[in-house]
Amino acid sequence: MNFIDNPRKLRGFEKHTRVEKISRRSILRGIGITGGFVLAAPVMSRQAFAYETGAGKMPHGVVVDPRIFVAVAPDGTVTILAHRSEMGTGVRTSLPLIVAEEMEADWSKVKVQQAHGDEVKFGNQDTDGSRSTRHYLIPMRQIGASARTMLEQAAAKRWGVPATEVKAVNHEVVHGASGRKLGFGELAADAAKESVPSIEGLKLKDPKDFRYLTKGQIGIVDLHDITTGKAGYGADVRLPGMKYAVIARPPVTGGKLVSFDPAEAMKVSGVEKVMQVRGWPWPSKFQPLGGVAVIARNTGAAIKGRDALKLVWDDGANGKYDSVAYRKELEEASRKPGLVVRAEGDADAALKSADKVVIGEYYLPHLAHASMEPPVAIADVKGDKAEIWAPVQSPGGTREDVAKTLGIPEGNVTVNVTLLGGGFGRKSKCDFALEAALLSKELGAPVKVQWTREDDLHHDFLHTVSVERIEAGLDKSGKVVAWRHRSVAPTIASTFAAGANHAAAFELGMGLVDMPFEIANISCENPEAAAFTRIGWFRSVSNIPRAFAVQSMVGEIANATGRDQKETLLALIGSPRIVKPAVKDMWNYGEPFDSYPIDTARLRKVVELVAEKGEWGRSVPKGHGLGIAVHRSFVSYIATIVEVAIDDKGKLTVPRVDTAIDCGTYVNPERIQSQIEGAAIMGLSLAKYGEISFKEGKVVQKNFDDFQVIRIDESPLITNVYIVPPGPDTPPSGVGEPGVPPFAPALMNAIFAATGKRIRALPIGKQLEA
């Protein structure tokens with residue numbers, strides 16, 4: 001097996017992909033994000049942190065230069081670059097806010113400018129993996145402190161006094177001895193001539209002096225435009241002479257077009273052309289699937305034209321993919337030995353000698369991202385130059401892939417980032433932007449490619465289907481002495497190379513080999529599983545099925561031993577310690593273990609905090625139940641208590657959710673609360689309804705009528721969020737993704753408490769009906 005680890009070829013999760021019999025060069029480059037506002041010539045400074053993170057190992061590393069990220073106008077307006085994509089996390093506000101804090105800028109005089117794609121200039125810009133704050137808190141502080149220092153130096157020279165006698169305060173530089181003041185705008189020209197100070201010599205603000213960070217009093221910069229309908233999303237872009245396109249893609253992954261008849265489509269008013277779109281053999285990373293494009297004067301006409309097409313497809317090898325049959329294959333594989341990926345003690349012997357063995361087999365289907373905004377992209381290709389407008393999570397990587405696909409220099413590609421109407425990992429994959437670029441090149445005009453909801457569900461990079469089987473051996477006292485977890489699921493590596501049938505290192509490190517329980521005998525296994533459709537990362541990725549299985553098993557052990565769920569959970573977590581699994585190529589979300597260890601003291605803390613605040617053990621009405629679960633993912637620790645209410649007809653509602661999160665040092669608690677509230681809604685939606693199934697190789701679901709999401713009246717009535725105050729040296733960790741995994745198992749444990757019924761397969765669907 002080759003370990004694909006070249007950061008110049010692979011990005012983010014892709015760097016940790018394992019594939020069999022595949023050369024390093026067979027994996028194409030991934031995606032990134034960029035943008036910038038240049039005040040003067042750029043100077044790049046790589047990783048320099050108060051604590052080490054994995055930022056420097058990301059493609060193109062980190063750029064720390066105020067002249068790249070900050071501009072000060074003569075009227076005092078400060079423009080700060082946001083080089084990450086905004087999809088609801090607030091990152092387009094949070095990162096510039098960090099700069100403004102250190103710079104002593106008045107936030108009311110700050111404008112935020114979205115970056116375009118250029119990672120060489122701006123450093124890595126992948127908006128995924130809940131990395132933005134943990135990788136950029138210190139760099140953004142350094143950028144702000146550098147800008148402040150340059151302004152102070154300019155003022156000191158203007159007054160002929162030592163720089164130590166002046167200080168920036170709320171958009172002005174003040175000379176303490178004389179009381180003289182100069183506004184940032186008055187100093188802008190002189191400050192631009194100052195040298196960028198060395199990072200080592202910078203003095204960052206004392207957190208006790210923060211005006212913005214940690215306060216939660218600054219709303220996101222896009223809030224007014226979003227709520228009033230003025231915000232610009234991908235579908236809002238209009239260019240002179242723009243054509244509108246929709247594409248009929250192969251209904252089965254890997255299928256090919258045999259023939260098409262455009263006659264009826266051309267009769268539709270507004271349709272101008274029908275043409276074949278180039279596709280790439282599967283697997284092909286993020287390259288288009290190919291098919292037939294209908295070009296029209298508006299999207300509605302293009303859709304009607306596509307509906308009128310007569311198409312003949314060769315479904316190929318995946319035409320027999322069937323979810324019911326495949327589930328049985330996964331279940332059978334989970335009952336047999338698989339590739340051992342973690343072994344401590346002798347789990348086989350301990351299970352054989354155990355007084356009792358509790359077995360749980362858990363199933364989760366494929367899931368679609370189904371963001372409110374389906375994929376859309378606009379491309380304008382002229383000769384050897386291309387400009388793209390799209391809601392992409394990784395514009396830098398999109399730039400790379402567009403250049404490669406069109407065969408033009410990367411420097412000739414501009415990627416403009418619009419707001420994302422949700423992403424969840426789907427918009428890290430730029431196939432929709434590549435489609436627009438190919439069509440624009442062919443037509444010699446700007447083209448918008450719009451995906452419909454049906455396109456979105458049928459041609460997504462789906463969250464993997466999985467079976468998780470856990471066997472827990474108990475001694476006579478009820479203590480767990482053996483743990484065997486077999487995880488069987490198609491891998492994301494299959495999107496990049498054929499023959500990938502085992503989980504990649506990063507997938508194994510999401511709740512399987514990093515399981516933190518204090519058990520003497522542990523075996524984690526990964527049987528083979530082939531992929532028959534496109535698989536991609538999804539919000540929290542493999543943590544979803546692993547947390548569901550592990551934390552549901554905690555509930556089953558509690559029931560088997562007649563003990564309280566919370567006490568059983570704490571007993572399994574065990575003593576406060578740093579867990580160091582005996583695992584080769586252990587993945588830690590790309591972060592060094594010295595900065596981000598697996599710390600069971602922090603894991604216990606969130607359990608104890610949520611139990612206290614959520615009033616664990618409180619009396620609840622008949623038909624109600626409480627469930628608890630905890631999980632570490634994206635180097636954060638999150639525990640959730642769910643209260644359910646189930647009536648005599650099996651209708652489920654959620655009156656209350658309590659969640660405690662330890663995400664280390666944080667920037668904006670308001671955004672943390674919003675993301676955890678969103679995670680509760682998403683977690684409930686996936687648990688109740690989430691399922692993409694296949695028959696004859698094709699996705700069965702078509703729209704929100706058969707791929708349901710919860711409506712507002714089904715959402716949790718109350719969601720409480722408790723943030724663990726960070727220690728003085730605790731680095732920041734993730735927020736956007738880790739709220740989802742503990743929700744479903746807490747819900748299942750609550751359902752069991754209310755009804756005595758253990759649900760091991762999602763979605764819940766009709767399993768609770770009387």
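Tyr589 is buried, at a relative accessible area of 1%, where buried means under 20% relative accessible area, exposed over 50% and partly exposed in between (1.4 Å probe, protein chains only). The model is predicted, so that local features need pLDDT of at least 70 and side-chain atom pairs count only at pLDDT 80 or more, while totals for chains, interfaces and linings use all residues. Residues are numbered from 1 along each chain as its sequence is written, and side-chain values use heavy atoms, with hydrogens and water left out.

Phe634 also counts as buried, at 0% relative accessibility. The rings of Tyr589 and Phe634 have centres 4.8 Å apart and planes at 45°, so the pair is tilted. Rings of Phe, Tyr and Trp (its six-membered ring) are taken to pair if their centres lie within 6.5 Å; planes under 30 degrees apart count as stacked, over 60 as edge-to-face and the rest as tilted. This pair links distant parts of the chain, 45 residues apart: Tyr589 lies in the loop between β23 (578–579) and β24 (598–599), and Phe634 in the loop between β25 and β26. Helices (H or I, at least four residues) and strands (E, at least two) are DSSP runs, numbered from the N terminus.

A search of the whole structure finds 14 aromatic pairs. One of them is formed by Phe69 and Phe122, with ring centres 6.3 Å apart and planes at 70°, so the arrangement is edge-to-face. Phe69 belongs to helix α1 (residues 66–69) and Phe122 to helix α3 (residues 119–122), so the pair ties together parts that are 53 residues apart in sequence. Phe69 is buried at 0% relative accessibility, and Phe122 is buried at 0%. Elsewhere, ring pairs link Phe286, Phe461, Phe496 and Trp537 into a cluster. The ring of Phe461 has the charged end of Arg534 over it, 3.8 Å from its centre. The charged end of Arg426 sits over the ring of Trp451, 5.1 Å from the ring centre. A charge sits over a ring if NZ of Lys or CZ of Arg is within 6 Å of the ring centre and within 35 degrees of the ring normal.

Strands β3, β4 and β5 form an open sheet in the order β3-β4-β5, with mixed pairing. Its edges are β3 (70–72) and β5 (110–114), each with a single partner strand, so one side of each is left without a neighbour in the sheet. Neighbouring strands of this sheet are turned by 25° against each other on average, direction ignored. Strand β4 (residues 78–82) runs parallel to β5 and is joined to it by 5 bridges; two strands pair if DSSP finds at least two bridges between them. Helix α2 (residues 91–103) packs on the sheet and touches β3, β4 and β5, its direction making about 135° with that of β4. Contact means heavy atoms within 4.5 Å. Axes are lines fitted to C-alpha atoms, for helices over the stretch in contact, and angles run from 0 to 180 degrees between N-to-C directions.

Another open sheet of 3 strands has the order β6-β7-β8 and antiparallel pairing. Its edge strands, β6 (166–169) and β8 (181–183), each pair on one side only. The twist from one strand to the next averages 25°. Strand β7 (residues 172–175) pairs with β8 in the antiparallel sense over 3 bridges, and Glu172 is opposite Gly183 in β8. Helix α5 (residues 184–193) packs on this sheet, touching β6, β7 and β8, with a direction at about 80° to that of β8.

Ala611 is located in helix α17 (residues 600–613) and is buried, with a relative accessible area of 9%. Leaving aside residues up to four places away in sequence, Ala611 touches Lys566, Trp616 and Ile641. Among the buried residues of α19 are Phe743, Leu747, Met748 and Ile751. The elements covering the buried residues of α19 include α15 (543–561), α16 (565–573), β25 (624–633), β26 (636–646), β27 (652–662) and α18 (669–689). Gly756, with a positive phi near 80°, follows α19.
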